[in-house]
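Trainee: Could you help me learn to read a protein model? I would like to go feature by feature.

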Amino acid sequence: MSNVAVIKHPLIEHKLTLMRMKDTSSKDFRELLTEITMLMCYEATKDLDLCEIEIETPLKKMKAEVLSGKKLALIPILRAGVGMVEAFTNIIPSARVGHIGLYRDPETSEPFEYYSKLPEDLEKRTIFVLDPMLATGGSAAAAIEILKKRGATDIKMVNLVASPEGVEYIQKLHPDVDMYIASIDEGLDDHNYIVPGLGDAGDRLFGTK
Ligand code: PRP
Ligand code: URA
């Protein structure tokens, strides 16, 4: 089974509450998403490998740890995942960024792939799939499938708000993928929107509704 980490932190709780409020502006929504993602990035990267090197401080030589250098890739799912990229690249500027464009059909909720541009050496990288919303799990599962077909083996997923159904779906299909989530909400409504959720993340982020 995949590890599911629900990241509990007062700053995340507070900022997520502001994001959920229906009158929060796109500007604030965007900024809050970046801030929460930065906090989640801290937790999602906690297993990155370190190695020891010798350095010299102004006082003496010492052995100290640095990242071992395994390559990383950030894969936002378009559109809303784009709102999480800056938070990661602020902290890990050398990470490559690939994009997967998926659109959820409003009638069937099935994901439709319309774009993908990925780093070539995915098999060598630790991959962070970024999407604020995990509803049915269809989009996330499709993105993970695309990445695995391209050779990826070390995949983690970061979501802000998930439904229990979505979490279960990913655990069943992709038990090797670790998940980092800020909140698992009550469930899905008749249109497969997360309740209480925060609405349509892409529209709120980009002000398209
Ligand atoms: C949203 C969201 C996820 C997906 C979640 O994207 O950002 O990618 O829905 O739903 P699922 O778990 O049921 O697949 P959407 O398809 O609305 O596209 P958008 O970001 O371009 O608005
Ligand atoms: N996509 C969203 O943006 N929000 C939901 O609640 C479900 C899918």
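Trainee: Where does Leu48 lie?

Mentor: Helices (H or I, at least four residues) and strands (E, at least two) are DSSP runs, numbered from the N terminus. Leu48 lies in the loop between α2 and β2. Before we go on, this is a predicted model, where local features need pLDDT of at least 70, side-chain atom pairs count only at pLDDT 80 or more, and totals for chains, interfaces and linings use all residues. Residues are numbered from 1 along each chain as its sequence is written, chains are lettered from A and ligands numbered from 1 in the order in which they are written, and side-chain values use heavy atoms, leaving out hydrogens and water.

Trainee: Which residues does Leu48 touch, not counting those up to four places away in sequence?

Mentor: A contact means heavy atoms within 4.5 Å. With those neighbours set aside, Leu48 touches Leu67, Leu72, Thr126 and Phe128.

Trainee: How do I read an aromatic pair?

Mentor: A pair of aromatic rings is described by the distance of the centres and the angle of the planes. Rings of Phe, Tyr and Trp (its six-membered ring) pair if their centres lie within 6.5 Å; planes under 30 degrees apart count as stacked, over 60 as edge-to-face and the rest as tilted. This structure holds 1 aromatic pair. The ring centres of Phe88 and Phe128 are 5.5 Å apart and the planes stand at 45 degrees, so the pair is tilted. It links distant parts of the chain, with Phe88 in helix α3 (residues 85–91) and Phe128 in strand β8 (residues 125–130), 40 residues apart.

Trainee: Is Phe88 buried or exposed?

Mentor: Buried means under 20% relative accessible area, exposed over 50%, partly exposed in between (1.4 Å probe, protein chains only). Phe88 is buried, at 0% relative accessibility, and Phe128 is buried with a relative accessible area of 0%.

Trainee: What about Tyr114? Where does Tyr114 lie?

Mentor: Tyr114 lies in strand β7 (residues 111–117). At 42% relative accessibility, Tyr114 counts as partly exposed. Leaving aside neighbours within four places in sequence, Tyr114 is in contact with Leu78, Arg79, Gly101, Leu102 and Tyr103.

Trainee: Which residues of helix α1 are buried?

Mentor: In α1 (residues 10–20), these are Ile12, Lys15, Leu16 and Met19. They cover an arc of only 105 degrees around the axis, which puts them on the same side of α1; the arc is that of the directions from the helix axis to the C-beta atoms. What covers these buried residues includes α2 (26–44), β10 (154–162), β11 (178–184) and α6 (201–206).
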